[in-house]
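Welcome to this short briefing on a protein model. Please have a look at the sequence and the structure below, and then read on for a guided tour.

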Amino acid sequence: MYSLHKLLWDIRKDPNLADRYLADPDPILDSYGIGGEDRVAMRELDFKAMYERGFNPYLIYFCAIQLKVDRADYYAQIRGEKN
């Protein structure tokens with residue numbers, strides 16, 4: 001859990017990391033040692049899955065913003081209206 005929290009935090013703080021993540025997420029996920037269901041959720045930007053898995057909602061939200069996810073889409077996803 002720590003590794004994904006660290007990535008969410010770092011993306012939130014570092015716009016260059018966010019851009020690199022959007023361009024090619026796998027090397028970044030590898031560098032943070034993120035695998036399994038956490039990797040799938042982050043790879044697919046499945047914020048609801050991250051929330052349900054217990055990740056910090058504040059970090060998820062601000063990471064989504066930094067990754068240029070539309071706020072309406074983010075909230076629809078969290079409410080289960082959209083995948």
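Is S31 buried or exposed? S31 is exposed, because its relative accessible area is 57%; exposed means over 50%, buried means under 20%, and partly exposed is in between, with a 1.4 Å probe and protein chains only. Before we go on, please note that this is a predicted model, in which local features need pLDDT of at least 70 and side-chain atom pairs count only at pLDDT 80 or more, while totals for chains, interfaces and linings use all residues. Residues are numbered from 1 along each chain as its sequence is written, and side-chain values use heavy atoms, with hydrogens and water left out.

**Around S31**

- You can find S31 in helix α3; helices here are DSSP runs (H or I, at least four residues), numbered from the N terminus.
- The side chain of S31 has a polar atom 2.8 Å from the backbone oxygen of I28. A polar contact is a pair of N or O atoms within 3.5 Å; within protein, one must be able to donate a hydrogen and the other to accept it, and residues adjacent in sequence count only if both atoms are side-chain atoms.
- Along the sequence, S31 and L7 are 24 residues apart, and in space their C-alpha atoms are 9.7 Å apart.

**Salt bridges**

- Side chains of opposite charge can pair when their charged atoms come close.
- How many salt bridges does the structure hold? The structure holds 9 salt bridges, each being a side-chain nitrogen of Lys or Arg within 4 Å of a carboxyl oxygen of Asp or Glu.
- One of them joins the side chains of R39 and D26, at 3.1 Å from N to O. This pair links distant parts of the chain, with R39 in helix α4 (residues 36-43) and D26 in helix α3 (residues 25-31), 13 residues apart.
- D26 also meets R43 in a salt bridge, at 3.0 Å from N to O. Here too the pair links distant parts of the chain, since D26 is in helix α3 and R43 is in helix α4, 17 residues apart.
- R43 counts as partly exposed because its relative accessibility is 40%. D26 is also partly exposed, with a relative accessible area of 27%.
- R79 and E81 form a salt bridge, and their closest N and O atoms are 3.0 Å apart. Both E81 and R79 are exposed.
- Salt bridges that share partners bring D26, D30, R39 and R43 together in one network.

**A closer look at R39**

- Why is R39 called buried? R39 is buried because its relative accessible area is 19%.
- Leaving aside neighbours within four places in sequence, R39 is in contact with D26, L29, D30 and I34, where contact means heavy atoms within 4.5 Å.

**How α6 and α7 pack**

- Helix α6 (residues 57-66) packs against helix α7 (residues 71-78) at an angle of about 145 degrees, and their axes are 10 Å apart. The axes are lines fitted to C-alpha atoms, for helices over the stretch in contact, and angles run from 0 to 180 degrees between N-to-C directions.
- The crossing of α6 and α7 is right-handed; this is the name used if the near helix is turned clockwise from the far one by less than a right angle.
- Which residues make the contact? P57, I60, Y61, A64 and I65 take part from α6, and R71, Y74 and Y75 from α7.
- These contact residues divide into 7 nonpolar, no polar and 1 charged. Ala, Val, Leu, Ile, Met, Phe, Trp, Tyr, Cys and Pro count as nonpolar, Asp, Glu, Lys and Arg as charged, and the others, Gly among them, as polar.

**Spots in the loops**

- Where is G54 found? G54 is found in the loop between α5 (47-52) and α6, and G54 is partly exposed, with a relative accessible area of 44%.
- Not counting residues up to four places away in sequence, G54 touches M1 and H5. The C-alpha atoms of G54 and M1 are separated by 8.7 Å, although these residues are 53 residues apart along the chain.
- L45, in the loop between α4 and α5, has a positive phi of about 50 degrees although it is not a glycine.
- K68 is not a glycine, yet K68 has a positive phi of about 65 degrees. K68 sits in the loop between α6 and α7 and counts as exposed at 58% relative accessibility.

Methods: Helix = DSSP H or I, 4+ residues; strand = E, 2+ residues; numbered from the N terminus.
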